[in-house]
Amino acid sequence: QVQLVESGGGLVQPGGSLRLSCAASGYIFTGKAMGWYRQAPGKQRELVAAITTGGSTQYADSVKGRFTISRDNGKNTMYLQMNSLKLEDAAVYYCSMYSRSDWYSRVDYWGKGTLVTGSS
């Protein structure tokens, strides 16, 4: 069915920026919310941001004002623009698609993740 592939991860210094992309292929469900999650070593996977087909968004408190989630339904692609990156932002970032239009519903599909790590 649907496959989600993340890209754009990499090495970044504090204060830097990255843009993550998530390309959806296969049978694309319209009207489904999508989201970005992340998981750092020793931590639970957490919701970073979510977006509905119509463009309504939700952000974790830790990234508000720094990250921007968006989607291009025509390209079946979702983005996460990450600015003013902090050390605690280092994690594997996962693309997801929900079962419904709201972000409280179950996630049906996950990408394999893309790594965002701090420089050293």
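Tutor: Helices (H or I, at least four residues) and strands (E, at least two) are DSSP runs, numbered from the N terminus. This is a predicted model, where local features need pLDDT of at least 70 and side-chain atom pairs count only at pLDDT 80 or more, while totals for chains, interfaces and linings use all residues. Residues are numbered from 1 along each chain as its sequence is written, and side-chain values use heavy atoms, with hydrogens and water left out.

Student: Where is Ala-50 found?

Tutor: Ala-50 belongs to strand 5, which covers residues 46-51.

Student: Buried or exposed? And why does Ala-50 count that way?

Tutor: Ala-50 counts as buried because its relative accessibility is 0%. Buried means under 20% relative accessible area, exposed over 50%, and partly exposed in between, with a 1.4 Å probe and protein chains only.

Student: What is Ala-50 in contact with, leaving aside neighbours within four places in sequence?

Tutor: Contact means heavy atoms within 4.5 Å. The partners of Ala-50 beyond those neighbours are Met-34, Gly-35, Ser-56, Thr-57, Gln-58, Ile-69, Tyr-98 and Trp-103. As for Tyr-104, it is 54 residues from Ala-50 in sequence, and the C-alpha to C-alpha separation is 9.7 Å.

Student: Which residue stands opposite Ala-50?

Tutor: Gly-35 stands opposite Ala-50. Strand 4 and strand 5 run antiparallel and are joined by 5 bridges; two strands pair if DSSP finds at least two bridges between them. The two strands form a hairpin with 6 residues between them, and Gly-42 in that turn has a positive phi of about 80°.

Student: How many residues of strand 4 are buried?

Tutor: In strand 4 (residues 34-39), 5 of the 6 residues are buried, so the strand is mostly covered.

Student: Which strands does strand 9 pair with?

Tutor: Strand 9 (residues 91-98) runs antiparallel to strand 4, with 6 bridges joining them. Across that pairing, Tyr-37 stands opposite Tyr-94, and Trp-36 has Cys-95 as its bridge partner.

Student: Why is strand 9 described as largely enclosed?

Tutor: Because 7 of its 8 residues are buried, strand 9 is largely enclosed by the rest of the structure.

Student: Different topic. Where is Ser-21, and what does it touch?

Tutor: Ser-21 lies in strand 3, residues 18-25. Its relative accessible area is 13%, so Ser-21 is buried. Not counting residues up to four places away in sequence, Ser-21 touches Val-5, Glu-6, Ser-7, Trp-36, Thr-77, Met-78 and Tyr-79.
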